[in-house]
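Please keep the sequence and the structure in view while reading.

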Amino acid sequence: MTSRAPALRIEGLRYALKDRVLLDGLGVEVPSGSSLAVTGPSGSGKSTLLMCALGLVKPDAGTVTVAGGDVTRMSARALAAHRRHIGVVFQFGELLPELSPLENVAIAALLAGVDRRKAYGSARELLRWLGVPLQGTTGLLSGGERQRTAVARALVTEPAVVLADEPTGALDHRSRDTVADILFDVPRRRGCALVVATHDPVMAGRADVRVSLDAGRLVERP
């Protein structure tokens with residue numbers, strides 16, 4: 001793919017349910033400053049793959065190395081601290097609707113141990129860049145504004161890897177294109193790796209590398 005050092009390296013990853021194997025010894029590397037799109041039908045394991053990378057799902061075998069640390073072998077305390085290197089954007093944002101956009105973004109930095117002044121300063125900078133109002137109730141924002149807030153929250157700890165799970169799945173076409181523009185600009189602007197799980201071929205086509213999850217394996221696509 002490239003000679004740059006991988007921000008995310010997955011090797012021999014296996015995860016099985018009682019009735020089937022979702023991830024069958026797969027491996028992939030995503031260098032800093034680049035993007036990877038993972039496609040595949042519902043139930044193929046795309047979200048499970050991202051949750052393994054986040055450390056929320058423990059695989060049956062294999063390693064997931066993020067920013068030099070294998071999240072599959074970390075204690076709960078070490079993993080909680082290491083997650084500052086991982087930003088996440090979910091399909092529906094998963095924001096706290098009663099808080100302002102500024103508070104939603106800053107709280108992610110505060111929970112990662114960033115001091116209050118820097119947390120709020122970084123949150124303001126990101127929201128202004130993304131064109132989201134700082135104040136007001138997040139629950140009253142448009143869908144596109146909520147997803148841009150979620151992107152800001154994912155970036156506020158300056159992560160090595162950003163994971164996005166169907167980040168435009170609940171948006172109209174115009175908002176989808178805006179959020180896609182922002183997300184795929186992130187690796188270049190911020191120097192991190194981006195992994196997007198999506199059903200959307202237009203979204204997937206924006207990535208540097210495209211793979212599909214087929215019978216537990218990743219198959220590279222043109």
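## Helix 6 and its surroundings

In this predicted model, the buried residues of helix 6 pack against strand 3 (35–39), helix 4 (116–130), helix 5 (143–155), strand 7 (161–165), strand 8 (193–197) and helix 7 (201–204). The residues of helix 6 that count as buried are Ser175, Arg176, Val179, Ala180, Ile182, Leu183, Phe184, Asp185, Val186 and Pro187.

Helix 6 covers residues 173–190, which makes 18 residues, and the distance from its first C-alpha to its last is 25 Å, close to the 26 Å expected at 1.5 Å a residue. Along the way, helix 6 bends by about 25 degrees at Phe184, and a proline, Pro187, follows within four residues. Phe184 and Pro187 are both among the buried residues of the helix.

The two ends of helix 6 can also be described. At its start, the backbone nitrogen of Arg174 has a side-chain oxygen of Asp172 within 3.2 Å, while after the helix comes Gly191, a residue whose phi is positive, near 75 degrees.

## Helix 4 and helix 5

Two of the elements that helix 6 packs against are helix 4 and helix 5. How do the axes of helix 4 and helix 5 cross? They come within 9 Å and cross at roughly 140 degrees, and the crossing is right-handed. On the side of helix 4, the residues that take part in the contact are Leu126, Leu127, Trp129 and Leu130, and they meet Arg148, Thr149, Val151, Ala152 and Leu155 of helix 5.

Arg153 is also a residue of helix 5. Is Arg153 buried or exposed? Because buried means under 20% relative accessible area, Arg153, at 17% relative accessibility, counts as buried.

## Two loop residues with positive phi

Glu158 has a positive phi although it is not a glycine, and this description also applies to Ala215. The loop that holds Glu158 runs between helix 5 and strand 7, whereas Ala215 sits in the loop between strand 9 (209–214) and strand 10 (217–221). The table gives the values for each residue.

| Residue | Phi | Relative accessibility |
|---|---|---|
| Glu158 | about 55 degrees | 56% |
| Ala215 | about 55 degrees | 66% |

Since exposed means over 50% relative accessible area, Glu158 counts as exposed at 56%, and Ala215 is exposed at 66%.

Note on methods: Residues numbered from 1 in each chain as written. Predicted model: local features only at pLDDT ≥ 70, side-chain atom pairs only at ≥ 80, totals over all residues. Heavy atoms only, no water. Expected span 1.5 Å × (residues − 1). Bend = angle between axes of the 7 residues up to and from the residue. Buried < 20%, exposed > 50% of the residue type's maximum accessible area, 1.4 Å probe, protein only. Contact = heavy atoms within 4.5 Å. Polar contact = N/O pair within 3.5 Å; in protein donor to acceptor, adjacent residues only side chain to side chain. Axes fitted to C-alpha atoms, helices over the stretch in contact; angles between N-to-C directions. Left-handed = near helix turned anticlockwise from the far one by under 90°.
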